[in-house]
Amino acid sequence: MRKRTFYPKLAFLNIQKNSKFYLPYLLTCIITVAMFYIMRYIATNSSLNDMLGAGSLKEILFFGSIVVGIFAAIFLFYTNSFLMKRRKKELGLYNILGMEKRHIAWVLLFETFIVAAASLVLGLSLGILLSKLIILILFKMLKFTIPWGFSVSSASLLVSVLLFFGIFLATLLFNLMQIRLAKPIELLHGGQTGEREPKTKWMLAILGILTLGAGYTIAIVTESPLSAISLFFIAVVLVIVGTYCLFTAGSIALLKLLRNNKHFYYQTKHFIAISGMIYRMKQNAVGLANICILSTMVLIMVSTTVSLYSGMESLLGNRFPTDISVGFKNPTDGEMENRLRQLQDTVSEQGRSLSKLTDYTALSFAVSRDGDTFATDTDNYVSSSDASELCFITATEYEHLTGRTVTLAADEVLVYSNGGQISGFFSLFDQSFRVREHLDSIPITGQFNASLVDGYFMVVSDDTVLNQLYTKQKTAYGDRASSIRGEISFNLDGTDEEKLVCYDAIKAVLNKPLPSESAAAYTGEYIDHLSTMECKQAATSDFYALYGGFLFLGLFLGTLFLMATVLIIYYKQISEGYDDKERFEIMQKVGLSRSEVKHAISSQIVMVFFLPILMAGIHILAAFKMITKLLAVLNLTNIPLFIGCTIGTVLVFGLIYGVVYALTARVYYRIVS
Amino acid sequence: MAGISSFCYGSTSTMLTLNLLYPVVRFLVITRYWKVNINYTGGILMSLLSVSNLKKIYTTRFGGTQVQALANVSFSVEQGEYVAIMGESGSGKTTLLNILAALDKPTSGEVLLNGRNTVTIRESEISAFRRDNLGFVFQDFNLLDTFSLQDNIFLPLVLSGKSFEEMSLRLEPIARKLHITDILSKFPYEVSGGQKQRAAVARALITNPQLILADEPTGALDSHATDGLLQFFNEINNDDQTILLVTHSVKAASHAKRVLFIKDGEVFHQLYKASQTYDEMYQKISDTLTMIATGGERHA
């Protein structure tokens, strides 16, 4: 009968006794549970449904909850295995003292149960309490109206309980397996394995240099934002592989090289540092690489999402040069004039007035450029870094826009480019064109300028040439072919609300065929004929929902990863403290003074601590250009803003990291001395 | 100088006599050393190591109970001597060694090494002092796993800022003598206990210390390795290296030229080897230990 309380009691005492290890673990479990619940709660929150642009936000948050879930599993497993490594000796002692393995299994079961129960109860309570606060912050970020009331999502509670129950069960099974497989004597010595000097793995070290170099090269060389999207993940994977290789093999190879240099090695400072570092790197390389990658992720995530969010105004300005823009596919003769009149009437009916009105008809389609030849490469024109966009208008339109009259031959063009250079001749569809003049500016800005690829704006002689080009690209691209588009764009006066009202009225009018013609004049639905219908003010809430969601996710995951980083550092320091204690004593016996030993060891700690951060800094520096390209895809072209956000993020992160360092170093010294 | 009075020499045949004579022995030991100190202050004569009236009292953290580890210890060691200090667990051996090694400070009394009072050396100089003047050999070797044997041996010299060439030059004859030349590049976990201890001896010797302090050096060795190590100690001692050995192995002590016995924090008795064989010395040490154990009980 006494047995019934024995195991739980022993389990509880064990946790209490090992509180130096268990407390941070428990804390992490609690926070992870809380974060997961909050993420699920928000992602499934019904008050989001009524909000404009909530669809994409919900997707982001759903994705976020999956990331948190996966991360929680990996991370709790990692910390658990660390705890087990530390506790093997203790469990071995129980075994020697006569507890059978099944008894130890009982103890472990109760320990896991206590930790799991505490994590779930405290974590979910914390989650429920904080969920309201977080949703307030989120809605504020998204510029949503803040809903009243407080709710608990039982579905999210259930999902959280199931997930973490699964994780804890897995860690328990893992621990039991280890106990089962181990011999008592191995358990007793469990904490002391890994003394052997690491071998130099040259292959791995070189692989690390190569992959890291390749990753950096991709990040630095890539010019086109479109290829940046597809290459970014390749670069990330290369850099991650390179980081792991360099931390595990590269560091040891370098240290051994240094050790082989006798005159360098046999100096008081280098002697202890190098040999100590070889030993440390063997035990910590993977942990340090983890810290490095997590820090890089936190820094990039937070700095980009903060830039996107705080650069919202300029970003919207890039994406929407005017308040309202509409486009018509293959407008018929005179349609544009009629539509324009219709628009102007609608706007004045609404009591608003137009400004910056532009209207033109143009044909634009994507091509890939090879020297002076533009080809309609249907296979890879989108991903190719040579992708270009051509935009053609007739001389008549050009005159309409600029008031300048030009007379061109059928094979002559005027060219304006937003990036790429073009010489006197180029060929397109086996037809060659002669550049009559390079233009310094074009009357239509906006989308064309914000384009991600090189854009060429060309003035051709007349409709005949334009229609020829239209037919040819239609043959080449088939279903994906472009149309000749009539574009009208303008600004409105008034407040955002007034503009939105006006926009709705315009939408109602434009969604119908012109009164003078019948719907039968169009093939298919009329709405297809209206190719674009955009209003900056209407899109703003969408953008805030999207980028606010990104920011929220960035900060949320950033916090989670930061917590993980901190915990890894803490555990590293503590476990090293116990290993160093012995070395510390021997060195003193052999003739090192206390202060010398302390200095030697603290310089190693500083190195171990700040190496990952330094590496993360280099990663960010290398990735910087590529990230600006990616931000350009998301319409953020304000590079100084991004630089500022990155520096700010790095500083804040560095500060937190420094505080963590100071705190752990204190625990460390207490162990050592 | 003959060190402590040879009064006791050959007188252990009857334990009873010795027990009766014990206070006299102590008196003589103390007065003799007092004289030595006077000699030193007079600048005429001095021992390499002279310990006088050492007392060490440990107080528990909250000042409750006091434990006397060393009551009153005085003795001296001459240049080129090989002295073993014996005693049971708790007799104060370790405390004495820690004080000699300048790792601990006595409550009162002084330790003079070559005339320098190690008790009053400033904290900031103490490590350099130990590095330059003392060589240590420990029971558990105290080799650092992160260093190869060679680097372990070099450690004290590197700390003193010696060049690689000088260190190699110094190591060469020592390694040859200790038969570790071939294993210098190995790591401590790759070699046997005897080899580890020889590396530790090399580390102690390489600084040319005034005094080698050995704390149970054979404690973790098998009998074969023990024989080898004791043989090395004798050889080193024949080269005029002073050795002070703390042990409770009779075999180890029987190799020393002189054996001091400590009991309850005091020097209780001493034996000189002189021309006796190891076996004879072994027997005498055993007898003395038996006498101390049984007599000690009677005292208490």
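This is a predicted model: local features need pLDDT of at least 70, side-chain atom pairs count only at pLDDT 80 or more; totals for chains, interfaces and linings use all residues.
Two residues are taken to be in contact if their C-beta atoms, placed from the backbone, lie within 7 Å.

The largest nonpolar core holds 195 residues, and A202(B) is listed with I85(B), L244(B) and L245(B) as the members that touch the most others. Apart from this core there is a second, separate one of 30 residues, with L363(A), V367(A), F374(A) and L428(A) among them.

Turning to chain B as a whole, its secondary structure comprises nine helices and 10 strands. Chain B has 300 residues, of which 45% count as buried. When contacts in chain B between residues at least 6 apart in sequence are considered, 71% of them join residues at least 24 apart.

Finally, there is the meeting of the two chains. Here 20 residues of chain B are in contact with 20 residues of chain A. On the chain B side, at least two residues each come from α3 (123-133), α4 (149-159) and α5 (164-178). Of the elements of chain B, α4(B) gives the most to this side, supplying six residues. By residue class, the side of chain B that touches chain A divides into 12 nonpolar, four polar and four charged residues.

Conventions. Residues are numbered from 1 along each chain as its sequence is written. Chains are lettered from A and ligands numbered from 1 in the order in which they are written. Helices (H or I, at least four residues) and strands (E, at least two) are DSSP runs, numbered from the N terminus. A residue is buried if 20 or more other C-beta atoms lie within 10 Å of its own, exposed if 12 or fewer, and partly exposed in between; C-beta atoms are placed from the backbone. A nonpolar core is a set of buried Ala, Val, Leu, Ile, Met, Phe, Trp, Tyr and Cys residues joined through C-beta atoms within 7 Å. Ala, Val, Leu, Ile, Met, Phe, Trp, Tyr, Cys and Pro count as nonpolar, Asp, Glu, Lys and Arg as charged, and the others, Gly among them, as polar.
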